Amino acid sequence: MKTMTLHVFDGLLLLSIVALAWASLATTDVRRSVILFMAFGLVLAVAWGRLLAPDVALAEAAIGAGLSGALLLAAVHRQPRPLSPVSSNDSRHQGPNGLSIVVRWAVTLLSAALAGTLAWALLHAFSSTPHNMLPQAISGNLAASGVSNPVTAVLLNFRAYDTLLELAVLLTAVLGIFSLGQATPGYQPAGPVFDGLVHWLVPVLILMAGYLLWVGAHAPGGAFQAGAALAAAGVVLRLAGRSRIGLPDGSALRIVMAAGVGVFLLVGLSLLLLGRPFLGYPPAWAGALILLIETAAMLSIAATLLLAFLGGQPESTGVKAAAKQQREEISL
Amino acid sequence: MINILSSILILAGVFFYLAGSIGLLRLPDLYSRLHALTKADNLGLGLLIAGLALHSQDLFTVLKLLLIWLAVLAASATSAHLIARQARRQETDS
Amino acid sequence: MPELLSITALGLVFALLLGLLRVLHGPGAGDRMLAIQLIGTAGVGMLLLLSVLLDQPALIDVALLLALLAGVTATAFTGQQKTDHD
């Protein structure tokens, strides 16, 4: 009885996911499609939980349901209203020209190739005999990894090099954000109701981030989820029209941005100097080293996601701030 | 005994959830839907959490469940206010 | 008990589907945002039920994070942006 009900549950959840994805892509109104995408992220987080993947569910809840929704809505709001899907007076929309037809066909073929590859991989996985070499390898080495959560062990110990490269990708992304120039102008100061929400929501989110970072060693959690929760706290402060949203000023911000990659590299190189392989933690120190790296990574990830929401350099670090400082010095 | 009480609470919770959703579909305009949904949903979640809390293993879990309910309560109250205010603003603009 | 919990989860999915109808139909952005609140709360309920059904206490943490971020989505929707000449 329970399994049958769960199957119906799964089917309906699947139906909602597909319906939301389709609707989000099919609408012509950009705002509507962003809202549908947010709903999609919410239902997807539940689906990850159903698939017994709490770490991914945590990340999806923080980023897919919370942060990316706010980011897309902020971007949509900045577009001039009203948004008309087809404007008949616009000289660019004179029917599909040759280049756009080529682009459309290229995208269609690429998407079809991707879908075909995924379908083949899925069929291959279903038809081959199940084996558990990978889970056995992980559980066999878990005791020496310094943590008891297998996901954290894989991310921060067995495949730490991959995580280092991922953090480097995030650093590159934030450099790209910085190259966009000054951050967008902020938000109007919040009314008393929203302010009341901010007063308790931000401290609780910060506590939640610390909890996720700490618990990641033995239960689902970790640096990425904690960083996303911390970034959400900054986004809430920004939406409430505050000028101080938790980002440090000037060069301290750059240190925080680089902290994830930096600490990772420092640990790895120090281990090299001590005669061990790069990022080969001694089992006695592994837990402490992983916590150190995860703390730095959490701060970097939070800064990166918050800067992505800002859309550029914050007012205290950018060109305008330097110019303002120069003017003040001249007038003195 | 605990099982019976917990089952009653959980079923009552789901009943209020469904009532709120039906209200969302059937009521005529945004403001009445806000009323129905915010109140029914939060009550449903509270009953559900009360029913699940009776089954929890330790105090920390119960505290987490309580925190979830309080967070949803405060967040939906604020959201309802903001959504209603935004709709009012758009009405007076157009 | 597990049968009751799974039936409850099914009930919540139905509530979610009803909310989907509203989020797809509109007719205003406020209605869609309201339906997002329903989907969020139903999602929290579903995760809590799944944490007992599938014996995964970590899903309670996911539900907590989702509940905390439910407020952020509505505020992102209604935030008034400053104009450029500030």
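What percentage of the 94 residues in chain B do buried residues make up? I looked this up at the outset and found 44%, where a residue is buried if 20 or more other C-beta atoms lie within 10 Å of its own, exposed if 12 or fewer, and partly exposed in between, with C-beta atoms placed from the backbone.

I note that this is a predicted model, in which local features need pLDDT of at least 70 and side-chain atom pairs count only at pLDDT 80 or more, while totals for chains, interfaces and linings use all residues. Residues are numbered from 1 along each chain as its sequence is written, and chains are lettered from A and ligands numbered from 1 in the order in which they are written.

**Entry 1: chain B**

I counted three helices and zero strands in chain B; helices (H or I, at least four residues) and strands (E, at least two) are DSSP runs, numbered from the N terminus. Along the sequence the pattern of chain B is α-α-α. The radius of gyration of chain B is 16 Å, well over the 12 Å that the globule rule gives for 94 residues, so chain B is more spread out than a compact globule. I recorded that the radius is taken over C-alpha atoms and that the globule rule is 2.2 Å times the number of residues to the power 0.38. The C-alpha trace of chain B spans about 55 × 25 × 10 Å along its principal axes. I then took the contacts in chain B between residues at least 6 apart in sequence, of which 62% join residues at least 24 apart. Two residues are in contact if their C-beta atoms, placed from the backbone, lie within 7 Å.

**Entry 2: chain C**

I found three helices and zero strands in chain C, in the order α-α-α. Its radius of gyration is 16 Å, whereas a compact globule of 86 residues would have one near 12 Å. The C-alpha trace of chain C spans about 60 × 30 × 10 Å along its principal axes. Buried residues account for 71% of the 86 residues in chain C. Of the contacts in chain C between residues at least 6 apart in sequence, 47% join residues at least 24 apart.

**Entry 3: chain B against chain C**

I looked up this contact and found 34 residues from chain B and 36 residues from chain C. On the side of chain B that touches chain C, the elements giving two or more residues are α1 (2–26), α2 (30–53) and α3 (59–93) of chain B. Of these, α3(B) gives the most, with 14 residues. By class, this side of chain B has 22 nonpolar, nine polar and three charged residues; Ala, Val, Leu, Ile, Met, Phe, Trp, Tyr, Cys and Pro count as nonpolar, Asp, Glu, Lys and Arg as charged, and the others, Gly among them, as polar.

**Entry 4: chain A against chain C**

Here I found 54 residues from chain A and 46 residues from chain C. The elements of chain A that give two or more residues to the side touching chain C are α1 (2–26), α2 (30–50), α3 (54–77), α8 (192–215) and α9 (223–239). That side of chain A divides into 41 nonpolar, eight polar and five charged residues.

α2(A) and helix α2 (residues 29–53) of chain C pack at an angle of about 5°, with their axes 9 Å apart. Axes are lines fitted to C-alpha atoms, for helices over the stretch in contact, and angles run from 0 to 180 degrees between N-to-C directions. The two helices are therefore roughly parallel to each other, the term for angles under 35 degrees. Among the residues that make the contact are Ile35(A), Met38(A) and Leu42(A) of α2(A), and Met33(C), Ile36(C) and Gly40(C) of α2(C). The contact residues of this pair comprise 14 nonpolar, three polar and four charged.

**Entry 5: helices of chain A**

I noted that 17 of the 17 residues of α9(A) are buried. α9(A) reaches 24 Å from its first C-alpha to its last, close to the 24 Å expected at 1.5 Å a residue, the expected span being 1.5 Å times one less than the number of residues. Gly241(A), with a positive phi near 80°, follows α9(A).

**Entry 6: Leu171(A)**

I located Leu171(A) in helix α7 of chain A. Leu171(A) is partly exposed, with 18 other C-beta atoms within 10 Å. Neighbours within four places in sequence aside, Leu171(A) is in contact with Met257(A), Ala258(A) and Val261(A). The C-alpha atoms of Leu171(A) and Ala258(A) are separated by 6.8 Å, although the two residues are 87 residues apart along the chain.

Technical notes: Angles under 35 degrees count as roughly parallel, over 145 as roughly antiparallel, 65 to 115 as roughly perpendicular and the rest as oblique.
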